[in-house]
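Hi,

Here is the structure I promised to pass on.

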Amino acid sequence: KNLPDQVRYPVMVPFGKKAFFNGHLQHTNEIMALLGANYYVERSAKQACGIISRRIEWNKEKLEGMIKRRTSINEQKEVTEQLFAAKKCDDGDKGQMGVFDVGGGIMEIREPYEEDEEDEDEDEDEIEENNMNKARMSLVINVNYMMMVLLLSIPSLSSPKHA
């Protein structure tokens, strides 16, 4: 059961019919594992499986990152292709969506206007700004109150000094 756990095992080696002496089994399940930069280490089969599973997990994470990066590059490529495929803008294109070359190196991008989404964003911004203003006002009132209490607690500088 525990043979794959270690590389060496202590055993009693028979020496003749009645004698035994201490010895050990070697090379039972040695695996050379690459650590990197041409550094190898001798590991048991169980330890080597652990190394392999960690490397697989690391490679999966790297692959996911590369897939995201590839998707991002493809999206940038599509936008670039649209810019290169832009047509000259004339008066007949006023209602059309897309990318248009206005001239002088200026590109015009036309997209549908969604008024509902902008209204929701403005409402959320307005609510957040009102909350911030209330918090600021509360802070100013608290600071003013603390300053009045502090000033009232300090003895007057004009009072006569006791000798």
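Below is what turned up, going from the overall layout to single residues.

Some ground rules before the details. This is a predicted model, so local features need pLDDT of at least 70 and side-chain atom pairs count only at pLDDT 80 or more, while totals for chains, interfaces and linings use all residues. Residues are numbered from 1 along each chain as its sequence is written, and side-chain values use heavy atoms, with hydrogens and water left out.

Overall layout: the protein has two helices and seven strands, and along the sequence they come in the order β-β-β-β-α-β-β-β-α. Helices here are DSSP runs of H or I with at least four residues, strands are runs of E with at least two, and numbering starts at the N terminus. Of the 163 residues, 8% are buried; that means under 20% relative accessible area, with exposed being over 50% and partly exposed in between (1.4 Å probe, protein chains only).

Now the surface. Patches are built from residues with over 30% relative accessible area and no salt bridge, joining like charges within 9 Å and nonpolar side chains (Val, Leu, Ile, Met, Phe, Trp, Tyr) within 5 Å. A salt bridge is a side-chain nitrogen of Lys or Arg within 4 Å of a carboxyl oxygen of Asp or Glu. Areas are Shrake-Rupley values with a 1.4 Å probe, and for residues only the protein chains shown count as cover.

Glu126 sits in helix α2, residues 115-153. There is also a nonpolar surface patch of Met32, Leu34 and Tyr40, which together have about 320 Å² of accessible area. Tyr40 belongs to strand β4 (residues 39-43) and is partly exposed at 49% relative accessibility.

How many aromatic pairs are there? The count is one, taking rings of Phe, Tyr and Trp (its six-membered ring) with centres within 6.5 Å, where planes under 30 degrees apart are stacked, over 60 edge-to-face and the rest tilted. The pair is Phe15 with Phe21, edge-to-face at 5.9 Å between centres and 75 degrees between planes. Phe15 is exposed at 59% relative accessible area, whereas Phe21 is partly exposed at 40%.

Finally, the loops. Ala37 and Asn38 both lie in the loop between β3 and β4. Most residues other than glycine have a negative phi, but phi is near 55 degrees for Ala37 and about 60 degrees for Asn38. Ala37 is exposed at 70% relative accessibility, and Asn38 is exposed at 66%. His27, in the loop between β2 (19-25) and β3 (31-36), is exposed at 56%.

Cheers
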